[in-house]
Structures are given as structure tokens and as C-alpha cells.
Amino acid sequence: MIATAVLVPLVVVLLVLVNMVGRDDDAEGDDQVVDVAGTPSAPRGDLPPVEVDTPAVTPAAELACPVLMAQLPLELAGETSRMVDSDSLFAYAWGDPATVLVCGVEPPPGYVVGGPSTFLVSGVEWFVDTTDPDTYVWTTVDRNVPVQVRVPATADSAAPTALSPIIGTSIPYVAPTPAPTTD
């Protein structure tokens with residue numbers, strides 16, 4: 001799926017370049033009508049921006065997060081992306097109510113290695129905090145920079161499931177460690 005997402009735009013760009021380079025200068029006066037068929041991409045920004053609190057950007061996040069952010073889809077689990085209002089470039093959102101991704105968060109409090117709230121999805125280990133009745137907070141615990149996905153409680157796990165392969169190939173793996181304890 002990722003290869004297709006990269007390959008299709010590349011082929012389109014190459015075709016446009018071939019057509020532009022191979023054009024005859026004499027054809028400048030030709031007015032040709034082009035028939036474009038297909039479904040247009042879902043518009044981004046039909047919904048108001050989502051305000052997202054983000055942590056200060058760390059050097060590790062500065063290195064890892066741009067790779068992830070460049071690969072995020074415009075549509076996720078049937079929801080269209082929407083604009084984000086945050087202090088960091090490492091936040092993204094889809095749908096209404098919004099599913100929100102933030103790259104470079106703190107490790108989740110309460111995480112215990114192998115605990116009952118951990119799930120392995122497509123090679124990415126998540127800790128899921130369900131204490132908020134409105135939002136489930138999924139946080140990666142096996143990446144050098146944690147990624148958090150806040151999912152409305154009315155939604156299923158489709159968003160973290162779809163994001164897992166992207167995160168798994170974008171953010172380097174580290175062995176999970178328990179959350180720091182508060183004294």
C-alpha cells in the first residue's frame with residue numbers, strides 16, 4: 001500500500017514531465033480540451049482547525065517525526081484530514097470528532113511492560129489509556145520517539161491499526177521500558 005502511494009504520484013509526475021518536454025513548440029496555439037475522469041481527492045480543511053496541545057519539540061523528535069509526518073494519509077479510516085492549530089508541526093488530525101496524532105510525546109504514565117493495556121499491532125506496541133470516557137489515548141511504547149493517537153471513544157481501533165505500519169517503518173524501534181514512577 002505504501003509502495004503504491006509513492007509509485008502512483010511518481011508515475012504521474014514522470015508522465016507530465018515527458019509530455020512537457022516532448023511537446024512541440026508549434027503546438028502552443030492548439031487549444032485542446034482534456035477529459036479528466038475519476039473521483040477527486042477529499043478536500044482538506046472543510047472543518048475548522050483542531051486545537052492540539054503539543055509538547056516541546058525534542059532533538060529526537062526533530063529527527064524522527066518529519067519522516068512520519070510526510071507519510072501520513074489524507075484519509076484515515078474513512079475520515080478526511082483536517083487542519084491543526086498547534087505549536088508543533090508534528091500534529092495531524094482526521095474527521096469530526098477528530099482523531100489526533102502527535103509525534104514526540106512523553107512516554108505514557110502508567111505503562112507497564114507486557115501489561116494488560118498493551119497491544120501489538122502490525123509490529124508496533126501500543127499502550128492504550130481508556131480512563132477518559134470520551135477519548136482513548138493510544139501511545140507507542142517501542143519507538144525512539146513516542147507517537148500518540150487520540151481516538152474518540154465512539155470510534156474503533158481502525159485509525160491506530162492503519163497507522164501502525166506507517167509508524168513502524170518511520171520511527172525507529174527501541175525495547176519498551178516501563179513508565180517513570182512518580183515519587
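**Surface charge and ring pairs**

Start with D87. It sits in the loop between β4 (84-85) and β5 (91-94). Keep in mind that this is a predicted model. Is D87 buried or exposed? Exposed: its relative accessible area is 78%. Together with E51, D53 and D85, D87 forms a negative surface patch.

Now the rings. How many aromatic pairs does a search of the whole structure find? Four. I'll show you two of them.

Take F119 and W138. Their ring centres are 6.1 Å apart. The planes meet at 35 degrees, so this pair is tilted. Where do the partners sit? F119 is in strand β7 (residues 118-121), and W138 is in strand β9 (residues 135-140). The pair therefore ties together parts that are 19 residues apart in sequence. W138 is buried, at 10%.

Next, W126 and W138. Here the ring centres lie 5.8 Å apart. The planes are at 80 degrees; the cut-off for edge-to-face is over 60. So the W126 and W138 pair is edge-to-face. W126 belongs to strand β8 (residues 124-129), and W138 to strand β9. This contact therefore ties together parts twelve residues apart in sequence. And W126 itself? At 0% relative accessibility, W126 counts as buried.

F119, W126 and W138 are linked by ring pairs into a cluster. W138 takes part in the tilted pair with F119 and in the edge-to-face pair with W126.

That's my part. Over to you.

Technical notes: Residues are numbered from 1 along each chain as its sequence is written. This is a predicted model: local features need pLDDT of at least 70, side-chain atom pairs count only at pLDDT 80 or more; totals for chains, interfaces and linings use all residues. Side-chain values use heavy atoms; hydrogens and water are left out. Patches are made of residues with over 30% relative accessible area and no salt bridge: like charges are joined within 9 Å, nonpolar side chains (Val, Leu, Ile, Met, Phe, Trp, Tyr) within 5 Å. Accessible areas come from the Shrake-Rupley method with a 1.4 Å probe; for residues, only the protein chains shown count as cover. A salt bridge is a side-chain nitrogen of Lys or Arg within 4 Å of a carboxyl oxygen of Asp or Glu. Lys and Arg count as positive and Asp and Glu as negative; His and the chain ends are not counted. The place of a charge is taken as NZ of Lys, CZ of Arg, CG of Asp or CD of Glu. Helices (H or I, at least four residues) and strands (E, at least two) are DSSP runs, numbered from the N terminus. Buried means under 20% relative accessible area, exposed over 50%, partly exposed in between (1.4 Å probe, protein chains only). Rings of Phe, Tyr and Trp (its six-membered ring) pair if their centres lie within 6.5 Å; planes under 30 degrees apart count as stacked, over 60 as edge-to-face and the rest as tilted.
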